[in-house]
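Visitor: Could you walk me through a model I have just opened? I would like to go through its side-chain contacts with you.

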Amino acid sequence: TFDGNWKIDRNDNYEKFMEQMGINMVKRKLAAHDNLKITIQQTGDKFHVKESSSFRTLEIDFTLGVTFDYSLADGTELSGSWTMEGDMLKGIFSRKDNGKQLTTTRIVQGDELIQSYNYEGVDAKRIFKRG
Ligand code: MYR
């Protein structure tokens with residue numbers, strides 16, 4: 001169900017979220033229009049994700065329930081894991097620099113992939129369409 005190519009369509013409150021993350025205004029403006037594309041391939045409890053944006057391209061492999069490291073485009077390092085709850089992927093990550101938690105979910109609704117984020121009380125969403 002998550003499998004396929006996804007292209008960012010729109011953001012909801014993403015700039016406020018990035019502000020809460022401590023990202024400066026110039027980077028926030030660029031990141032709000034990052035042309036993010038993700039390709040997801042699931043095999044059992046293993047996922048292969050290709051991420052490409054105006055900042056970078058990278059490939060990530062993770063297994064549900066297994067902790068891994070992930071760096072944001074600005075270099076902020078996270079560590080955490082994804083689990084599946086029903087049809088929803090739930091990620092709990094923590095920042096290595098300050099220990100604070102970033103939670104995120106992914107769910108497919110109709111023809112859209114909705115990724116939500118929470119950091120220190122601020123919620124945001126990024127909504128992708130197949131393509
Ligand atoms: C993946 O499944 O795509 C790799 C792991 C993602 C970890 C959580 C991503 C949080 C990204 C937050 C973006 C915040 C920008 C300020």
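Visitor: Before the details, what kind of model is it, and how are residues numbered?

Guide: This is a predicted model, in which local features need pLDDT of at least 70 and side-chain atom pairs count only at pLDDT 80 or more, while totals for chains, interfaces and linings use all residues. Residues are numbered from 1 along each chain as its sequence is written, and side-chain values use heavy atoms, with hydrogens and water left out.

Visitor: OK, salt bridges then: how many does the count come to?

Guide: The count comes to 11 salt bridges, where a salt bridge is a side-chain nitrogen of Lys or Arg within 4 Å of a carboxyl oxygen of Asp or Glu. One of them joins the side chains of Glu112 and Lys129, at 2.7 Å from N to O. Glu112 belongs to strand 9 and Lys129 to strand 10 (residues 122–130), so this pair ties together parts that are 17 residues apart in sequence; helices (H or I, at least four residues) and strands (E, at least two) are DSSP runs numbered from the N terminus.

Visitor: Is Glu112 buried or exposed?

Guide: Glu112 counts as buried, at 13% relative accessibility, whereas Lys129 counts as partly exposed at 30%. Buried means under 20% relative accessible area, exposed over 50%, and partly exposed in between, with a 1.4 Å probe and protein chains only.

Visitor: Which residues are linked with those two in a network?

Guide: Asp9 and Arg10 are linked with Glu112 and Lys129 in a network of salt bridges.

Visitor: And what does Arg95 pair with?

Guide: Arg95 forms a salt bridge with Asp97, and the closest N and O atoms are 2.7 Å apart. Arg95 is buried, with a relative accessible area of 8%, while Asp97 counts as exposed at 53% relative accessibility.

Visitor: What about Lys96, which residue does its side chain meet?

Guide: The side chain of Lys96 meets that of Glu77 in a salt bridge, at 3.7 Å from N to O. This pair links distant parts of the chain, 19 residues apart, since Glu77 is in strand 6 (residues 77–85) and Lys96 is in the loop between strand 7 (88–95) and strand 8 (101–109). Lys96 is partly exposed at 44% relative accessibility, and Glu77 is partly exposed at 40%.

Visitor: Switching to Arg126: where does it lie?

Guide: Arg126 lies in strand 10 and is buried, with a relative accessible area of 1%. Its side chain has a polar contact of 2.7 Å with the side chain of Asn11 and another of 2.8 Å with that of Asp34. A polar contact is a pair of N or O atoms within 3.5 Å; within protein, one must be able to donate a hydrogen and the other to accept it, and residues adjacent in sequence count only if both atoms are side-chain atoms.

Visitor: Which residue does the side chain of Ser116 make a polar contact with?

Guide: The side chain of Ser116 makes a polar contact with that of Thr105, at 2.5 Å, and Ser116 is found in strand 9 (residues 112–119).

Visitor: Now rings. How many aromatic pairs are there?

Guide: The structure holds 8 aromatic pairs. Rings of Phe, Tyr and Trp (its six-membered ring) pair if their centres lie within 6.5 Å, and planes under 30 degrees apart count as stacked, over 60 as edge-to-face and the rest as tilted. Tyr14 and Tyr117 have ring centres 6.0 Å apart and planes at 35 degrees, so this pair is tilted. Tyr14 lies in helix 1 (residues 14–20) and Tyr117 in strand 9, so the pair ties together parts that are 103 residues apart in sequence.

Visitor: Which rings are linked into a cluster?

Guide: Ring pairs link Phe47, Phe62, Phe68, Trp82 and Phe93 into a cluster.

Visitor: Last topic: which residues come nearest to the ligand?

Guide: Of the 15 residues around the ligand, Tyr14, Ile23, Phe62, Trp82 and Arg106 come nearest, a residue being near if one of its heavy atoms lies within 4 Å. A polar side-chain atom of Trp82 lies 3.0 Å from an oxygen atom of the ligand, and for Arg106 the corresponding distance to an oxygen atom of the ligand is 2.7 Å.
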